[in-house]
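The following note sets out points for a colleague who wishes to examine the model alongside its coordinates. Each point treats one topic.

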Amino acid sequence: MSPSRGLLRLLPVPARQLSAPTSRRTLTTLTALAASRTPLQVYISTSHSPFLNLSIEHHLFQTTSEQSIVLFLYTNSPSIVIGRNQNPWVEVNLPLLHAANAPVISLVRRRSGGGTVFHDLGNVNYSVCMPSVRFNRDTHAEMVVRALHGLGVEAATVNARHDIVLLPPGTVAAATKMQETPEGTRKISGSAFKLTRLRSYHHGTMLLDSRLEDVRSYLRSPAKGWLKARGVDSVRSPVANVGVGREVFVDAVVREFGKMYLGGKKMMLLDTAMNKQDVGLAPGEMEIGVCYVGDETLGVDDIRKGMEELESPEWVYGQTPQLTLSVPPPDGSPTPGEMPQPPGEFNISITANKGIIESVDTAAHPALSGLVGKKFDGGVINDHISESGCGRMEIETIDVAGTWIEGMLGRTKWGR
C-alpha cells in the first residue's frame with residue numbers, strides 16, 4: 001500500500017516505501033489529522049531534509065490539539081544540529097565543514113535547547129509532544145528503552161542526564177532508568193526539550209548505524225580553546241551504535257507508544273489506524289491516527305516558511321550568543337597545545353554578538369577597529385587583515401595571523 005493513502009499500514013515498511021511521496025492526498029491527511037482531536041497521533045517522515053523535518057515537528061507542536069500526544073519519527077541526511085542557544089564556532093569544526101571538496105553536511109540550529117548532535121541515515125530521530133501538565137523528561141526515553149529491550153538490546157537504559165546509554169558489553173540493565181552507570185557506558189541517544197505553558201516536547205536521536213568517525217571529527221572545534229562564549233556547552237560522551245535496522249526500530253517504537261497509551265487490549269486500534277484508507281477524520285472519531293509526511297508538506301505555508309527560516313544563515317549564525325576570540329586564550333587559560341598556534345607577536349580580542357562584531361580590543365593593531373559592524377567569520381576577518389595592513393605588524397605576520405584565524409573559525413556561508 002502506498003504512503004499516499006493517508007492512514008495506512010505502517011509495519012512492515014519496505015525500503016521502497018521510504019521515498020518521499022508527493023500526493024496531495026497525504027497532505028490532506030496531515031492537515032486533517034493535525035487539526036483533529038484524535039488523542040494519539042503518529043507521523044512518519046519520508047523526507048531526509050533536516051530543515052523540513054524540524055519544521056514539520058515545529059508545525060505539529062504548534063497546531064495539534066492541546067490534549068493530544070504526538071509521536072513523530074524521522075531520519076535526516078548528514079547534518080550537524082546545534083541547540084537553540086549554542087555557538088557553532090564553539091561546537092563545530094567549521095573549517096572542516098566548509099572545506100573545499102568536503103561532503104555535503106548541513107549545519108542546523110534547532111528551536112529547542114540542549115547540545116549538539118550529528119545526524120545521518122544511520123540515525124533515527126523521535127519526538128513526542130504532549131500537554132505540559134503530563135510531561136516528564138524521562139517518560140518517552142524510557143519508552144524507547146523498552147522498545148530496545150524488546151529487540152534484544154538489554155544493555156540500554158536512561159541515565160541521570162535523560163540520555164539513553166548502553167551499559168558495558170555483557171551487562172543487562174536492571175531498570176529502564178539508572179541514576180548511576182558504570183565505567184564503559186556509551187551514549188546512543190541524546191535528548192533535548194522544549195517546554196511551554198500548554199505544550200512540551202522531548203526529542204531524541206538514536207544511533208543505529210551512524211558513521212561515528214564523522215561524529216568525532218565534525219564535533220571538535222579547533223577554535224574552542226581561544227573562545228569565551230555565552231550559551232550552552234555540549235557535554236561530550238563516548239558514543240556507540242545500537243546495531244538494529246531503521247525500520248525495525250521505528251516499528252518497535254510505534255508499538256511501544258501504542259502499548260503505553262492504548263494498553264494491550266486496545267492495540268487493535270493501532271492496527272486499525274495503520275490499515276485505514278479513508279482520509280476523512282472527524283474530531284473524536286478515532287483514538288489513534290497514523291500518517292506519513294514528506295515533501296508535499298511544503299504546501300503548508302507555516303512549514304515552508306519555517307524551513308526557509310531554519311535554512312537561513314541569519315538563523316544558523318545570526319542567533320549566536322555573545323562570544324570573544326582572544327589571543328592569548330581568555331581568562332588565563334592554557335594555550336591549546338594540540339591546535340595550530342597564532343604568530344608569536346599577534347595579540348587580539350574580538351567580541352561578537354548575534355554573529356556581528358561589536359568590539360575589537362587591540363592597541364597594537366588599530367586598523368582592526370574597522371572590523372566593528374562586520375560579520376564574525378574567519379574569511380571576513382582574514383580578508384580585512386590582509387587588506388588593512390594592521391598598523392605596525394610586519395606583512396609576514398599579517399598573513400600568518402589572518403590565515404590562522406580563518407583556519408580556526410572557517411570561511412562560512414555567514415561571511416559570504
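How many helices and strands are there in the chain? The chain contains 12 helices and 16 strands, where helices (H or I, at least four residues) and strands (E, at least two) are DSSP runs numbered from the N terminus.

1. Basis of the note. This is a predicted model, in which local features need pLDDT of at least 70 and side-chain atom pairs count only at pLDDT 80 or more, while totals for chains, interfaces and linings use all residues. Residues are numbered from 1 along each chain as its sequence is written, and side-chain values use heavy atoms, with hydrogens and water left out.

2. Of the 416 residues in the chain, 56% are buried; buried means under 20% relative accessible area, exposed means over 50%, and partly exposed lies in between (1.4 Å probe, protein chains only). Among contacts (heavy atoms within 4.5 Å) with a separation of 6 or more, 72% come from residues 24 or more positions apart.

3. Nonpolar cores. A nonpolar core is a set of buried Ala, Val, Leu, Ile, Met, Phe, Trp, Tyr and Cys residues joined through side-chain atoms within 4.5 Å. The largest one has 47 residues, and L73, L148, I164, M206 and F249 have the most contacts inside it. Helix 7 (residues 246-262) gives the most to this core, with 7 residues. A second, separate core has 41 residues, including L323, I350, A352 and W414. In soluble globular proteins, nonpolar side chains tend to be buried together.

4. Surroundings of I164. Leaving out residues up to four places away in sequence, I164 touches residues that include Y126, V144, L148, V158, I188 and M206.

5. In which order do the 6 strands form the open sheet? The order is 10-11-6-2-1-13, with mixed pairing; two strands pair if DSSP finds at least two bridges between them. Strand 10 (191-195) and strand 13 (288-293) each have a single partner strand, so one side of each is left without a neighbour in the sheet. On average, neighbouring strands are turned by 15° against each other, direction ignored; axes are lines fitted to C-alpha atoms, for helices over the stretch in contact, and angles run from 0 to 180 degrees between N-to-C directions.

6. Strand 1 is largely enclosed by the rest of the structure, because 6 of its 6 residues are buried. L40, V42 and I44 point one way from this strand, whereas Q41, Y43 and S45 point the other way. In a regular strand the side chains alternate between the two faces of the sheet. Strand 1 pairs with strand 13 in the parallel sense over 6 bridges, and I44 stands opposite Y292 in strand 13. Strand 1 also runs parallel to strand 2, joined by 5 bridges, with I69 as the bridge partner of L40. The chain crosses from strand 1 through helix 2 to strand 2 in a right-handed β-α-β crossover; right-handed means that, with the strands pointing away from the viewer, the path from the first strand over the helix to the second runs clockwise.

7. Strand 2, strand 6 and helix 2. Strand 2 (residues 69-74) and strand 6 (residues 123-131) pair in the antiparallel sense over 5 bridges, and V70 has C129 of strand 6 as its bridge partner. Helix 2 (residues 50-63) lies across several strands, among them strand 1, strand 2 and strand 6, and runs at about 175° to strand 2.

8. T324. This residue lies in strand 14 (residues 323-327) and counts as buried, because its relative accessibility is 15%. A polar contact of 2.8 Å joins the side chains of T324 and T351; such a contact is a pair of N or O atoms within 3.5 Å, and within protein one must be able to donate a hydrogen and the other to accept it, residues adjacent in sequence counting only if both atoms are side-chain atoms. T324 also touches W226, L227 and K228, among others.

9. Backbone points to check. Most residues other than glycine have a negative phi, and most peptide bonds are trans. The peptide bond from V327 to P328 is cis, with omega near 5°, and P328 lies in the loop between strand 14 and strand 15 (348-353). N101 has a positive phi near 65° and is exposed, at 81% relative accessible area. K354 has a positive phi near 55° and is partly exposed, at 42% relative accessibility.
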